[in-house]
Every structure is written in structure tokens, then in C-alpha cells.
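Here's a quick tour for anyone meeting this structure for the first time. Take a look, then read on.

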Amino acid sequence: MKPVNTEAQPVNAEAPNAPLVLGIETSCDETGVGIVRGRDLLANTVSSSMDEHVRFGGVIPEIASRAHLEAFVPTLEQALETAGVTLEELDAIAVTAGPGLAGALMVGVSAAKALALATGKPLYGINHLVAHVSVGLLHHDGAAVAGGLLDADGRAADGLGALLVSGGHTEILRVGDLAADVALLGATIDDAAGEAYDKVARLLGLSYPGGPAIDAAAQGGDPAAFRFPRGLSNAKYMGSAEEPGKHRYDFSFSGLKTAVARVVEAYEAEGEEIPVADIAASFQESVVDVITRKAVLAATENGLNTLLLGGGVAANSRLRELAEERCAEHGIRLVVPPLSLCTDNGAMVAALGARLVSGGIAPTGLEFAADPGLPVTQVSLR
Amino acid sequence: MLLLCLDSSAAASVAVVDTDAGSPRVLASWETPDTRAHAEVLAPAVDTVLDRAQVAPGGLGGVLVGTGPGPFTGLRAGLATARTLAFAWRLPCYGMCSLAAIAHVVARLPAASRPPQFVVASDARRREVYWAVYSASSDLHASSADPAGVQSARLIDGPFVGPAEDVPGLPVFGRGAGLYADRLRQPVKEVVPGALQTGSPAEWQPHAGFLGLAAAATVNAGGTLSQDTAPLYLRESDAKVPGPRKKATA
């Protein structure tokens, strides 16, 4: 075993076709280690600290970071066992370098660097958001796990977009080539959608995480009972296709949260029982309406005919329902990966790493810093 | 036995230490004064130090890591690095309180400058110190294993976190003594000739090299190294469980 040279290595002219890559994800509250061979998913081990955040009603970065440190080696060990491979067999290691929580990212990055140093394998510091789209590459038991969205080179056959909706992200992406061409079409300017769910769940006395709690409470409610705002939907923000406004494809959920609080307070002031089901259904309708409306608008105006749904909120029943309905209306193919690959995981990081190895992209080396605000246009760090 | 030693409890440092009883020594070491870039620098530093020491990972007998106390994020970078290296190299990972590195230096001061009991204090930020009480007396480990008659430090109490005023009236060594000299009863500031660590004792930070020498002293006195690498955070996260929401009333 010889320590790896820390200088960036030259582009590999004979990049393996099906590289064995281990991916590490610690950007939020899931410690994920995934292993892929080319496009084949071999292991996707996740340890979540979600239970430790329940009493706070949201992810506490310090608690998440502490949990990552304790979970990392056991998660790594289990992923290797599940995949039936050894560290020596790996062709490369990939780790989420950002965007995400700074302290949480640093645990994964420190561990990944140590692993790369100890094994002498090349290390890629990669983009978390682009990794979410990379599940579109994966196959499991001979079948594509997410509709085989990308050709063998990681290029989208034709217009591919992604809609990422989670506790930390709400973004619309255009994907030309996973390794080289990803653009941000729209994003939230304040809270992420999942964060709005958590905050509203608390207003309504529902449990954390708010997504499933509100989804369940909304089942018996009237989504038209309250007309809550659709953020950034006014003409001045939207503009037109020819002259787009500043926030045509962007989202805002903080005003919506405030509107829900006003309604709840009004009922309390009157001493009346809060109509939880109706508020939950109306809130959910507002979130899902504006997300799907803007995603479909961005798709049709940017020549995207396929939309990959990613992030934990992809589990939301109403989001899936309305996204399917509206995509169908506009001739857009909606692809929803299995939930274990929608939420944060290491397999998606490994999948993107494998794509970078196959594409002959130079590894990042050991000297890079995690970047909590890494822009989506930067697929891997150089 | 060769130990790869890491400490990221204050500044970050890496060393290869030979613990052999005859002449425990630091074969190579590296440190940075930067207290905020541990995640970036540690792995390349390990590579550098192994290279300088001309040691291959296969020649190591273990990885030793300072478990703090220290600021959380930097501390975790060292622990994540050490645990992962040990896992990949199939080596034992040993943990030791980072303050022991400075305690070792004090225990090896020339007899005239060496207090029988003392405090090691480091910067805990928020106008507080991490501190622990050590004794430099050789009453624990028989000095028969230590033919030169030099002594090792023994933890008496701590580690704790709190205001400098809580520290007992014993000589205080380490960066905490420099930061809060006016609030401590006996900060040690004068350079001690013959000390293993250079500079004013009031500026001493835990260093991986001295941590390794402290481990060597333990092993050579017949003690065993702990494989507990749980971080000594000493503080909970700042997060507060939210109270009941304020209700609007008519």
C-alpha cells in the first residue's frame, strides 16, 4: 500500500467502461455510501439521523454532523459487504462536495479523503444536485431503475430536465450532459418546499417530518377551502416566454408559510377549532400547484420532454399525482425513481463518479474544500 | 511500534511517532496554525508526514487521534480521518484526550520548573476554556520502566469546559493561559528552557507529536491505549427544543 500522490492526476486516456466506484453522501442528515459498477447499482446503504431531529422540528446541523461521524465507518463497512467488493478493487471514490450543510459536508469530505489516501484511489468531489439526476443512469438486476434517461455516456438522449424537491432544495434543472452541461432554470429564493412543509406542520401541531404528516392530514381535507398564495406567480415576476420576468421559474414559500400562520391565528383568536385537514390540503395544493406549473412551463419553454423527479418530497402523493397529470397534458415524460434513490443517498454520488471516470474527467485530488454553496453548473471540483 | 498521530482539537497536526521504550521519538511531523481548514488539509498532511518519515502504511502499528475537547467541526475532521484510515489500513484506532499532549510536555519539564500538579487549558471560544488537572508525579506507573526517571502525566480531574475563573489555583499551561491570563490565578507565561515544546507555555497547543509521545509513555509504563475515539465535545449542540407556539388571543 503506497500513499496516493496528492497532485491532480492526468486525464485517464484508457478510462474503464464500467468503473467500480464508491460514493459518499453527507450533505444533510443522511449518511450514505453507495457502490456502482458502471451503471449497475451494487449497494445503497443509508443511515439517517432523522429521528434525532424530530423534537426540534427540523434538521439541526450540529446533530446531523455528530451523527455522520458515528455512522460513517459502519455504513461504509455495510455497503462493501452488500456489494461484495473490497476497497482494493475500487477504481475511484466520489464524495458530495456541495451544496449542503457545511459541517455535515466536512465529515464526508474528511472521510473520503482519508479513504482515497489509504487506498491510493482517485477522488472526485462532486455536486449533490447533479448526483440526484445521476440515478437516471442506474440499472439494478438488469433493468433501469429510473427509466434509462441517459445514454451510456451520460448524455440525455433528448431534452432532459429534473425537478428536485426536498427539505433543502427546490430546483428545476436542464441536463445536456451529466459530466459537462447542467443548467439551473429555476430555484427557491427562500425556503425549500420540504422546509415549508416542516414549518406548516408545526403550525398545525403535526409531527416532523412535515411532508408525510401534511400529506396524511390533507387526505380528508378540501384543497379549495383556503386560497393560499402561489409565490412568484404575479405577472411582474413571470413576464412572458419572449420577455421572461426575473423569477419566471423560481419559487418562494416563505409568504405561503406566513399566510397559513395568519389563518391559524384567526381561528385561535375566535376560539374556534382549527380546520387542520382543510388547511393542510389547501397548503399542499398551493405548494404542489406552483411547483408543477412552473416545472411544466420551464420544460415546455426549454424543449425538455422528460422530467426526472428527485428529492424526498417526491414521496408526496399529491405532488406525484399533479406532476403526472400536468406532464401528460404537455406530452412530457415524468420519471419518478424508487424513493430510496430520490432521497439523499450514496449510490447517486457513485453513479455520477462512475460517469466522470468513464468520461475521462480528471479527479479532484485531496486538496479541495467542501463548498456549501456549490453552483449546479460545477459538476465536479477541479 | 510506529503510530500515525493526528490532532485537530485546536490547530491541526500530524506526526509519526516511534513508541519504542529505548528512545520514543517523533520521526516526522507537520502542523498548521490555521484552526478553520482541517477538513481540507489533514489527508494531504498524512501523506506528507508518512513520506517524510519514510514509513509505509504497512509499517504502522496503529492510528492515534486526539479526541478533543475542541471546536466541533475541526475536531470531527481529525476523527473522521483517523477512523477511516484505520479502517482502510486494518489498524487499531486509539483515542486520547488532546490536552494530554500538553500535559506530557509539562511532565517532562526540567525538575526545577515542573509543578507536581497543574492545569492544561485550551481555547473553548465563547470566552471559555477547556481544562483538566494533571499530576506530574510518578506515583502511578513505576518508574522502573523509565530508567531515566522522567515522569508521565496523570489525569486527576476533567476535562471540563467553563469560564477561566472556574480553573483551580494551580499553574496553568496552554493557549487558555495566554488568552485569559488576567482571569487565571497562576498562568504560566515564561518560556521554560529545556521544554520539549518551544515558545511560551501560554501559547502551547496540543500537537500530534506530543500526543504520540504521551501514548509512548503510557505504553512503556505498562499501560494500554484506549480504543475509545468518542469525541469530547463537552457541550451539547446549541439547538433548543422549540417551546409551545404563541397563541393568538382575542
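How many helices and strands are there in chain A? This is a predicted model, and in it chain A has 12 helices and 12 strands.

Let's start with the overall build of chain A. A compact globule of 382 residues would have a radius of gyration near 21 Å, and chain A agrees, with 21 Å. Its C-alpha trace spans about 75 × 45 × 35 Å along the principal axes. Of the 382 residues, 59% are buried. Among contacts in chain A with a separation of 6 or more, 78% join residues 24 or more positions apart.

Now for the partner chain. On the chain A side, 38 residues are in contact with 34 residues of chain B. The elements of chain A that give two or more residues to this side are α2 (61-83), α3 (102-119) and α8 (254-269). The largest share, 12 residues, comes from α3(A).

Here is how the residues split by class:

| Contact of α3(A) with α1(B) | eight residues | one residue | two residues |

α3(A) packs against helix α1 (residues 38-53) of chain B at an angle of about 15°, with the axes 9 Å apart. The two helices, α3(A) and α1(B), are therefore roughly parallel to each other, and their crossing is right-handed. From α3(A), the contact includes A:Met106, A:Val109 and A:Lys113. Among those on the α1(B) side are B:Leu42, B:Val46 and B:Asp47.

Key. Residues are numbered from 1 along each chain as its sequence is written. Chains are lettered from A and ligands numbered from 1 in the order in which they are written. This is a predicted model: local features need pLDDT of at least 70, side-chain atom pairs count only at pLDDT 80 or more; totals for chains, interfaces and linings use all residues. Two residues are in contact if their C-beta atoms, placed from the backbone, lie within 7 Å. Helices (H or I, at least four residues) and strands (E, at least two) are DSSP runs, numbered from the N terminus. Axes are lines fitted to C-alpha atoms, for helices over the stretch in contact, and angles run from 0 to 180 degrees between N-to-C directions. Angles under 35 degrees count as roughly parallel, over 145 as roughly antiparallel, 65 to 115 as roughly perpendicular and the rest as oblique. A crossing is left-handed if the near helix is turned anticlockwise from the far one by less than a right angle, and right-handed if clockwise. Ala, Val, Leu, Ile, Met, Phe, Trp, Tyr, Cys and Pro count as nonpolar, Asp, Glu, Lys and Arg as charged, and the others, Gly among them, as polar. The radius of gyration is taken over C-alpha atoms; the globule rule is 2.2 Å times the number of residues to the power 0.38. A residue is buried if 20 or more other C-beta atoms lie within 10 Å of its own, exposed if 12 or fewer, and partly exposed in between; C-beta atoms are placed from the backbone.
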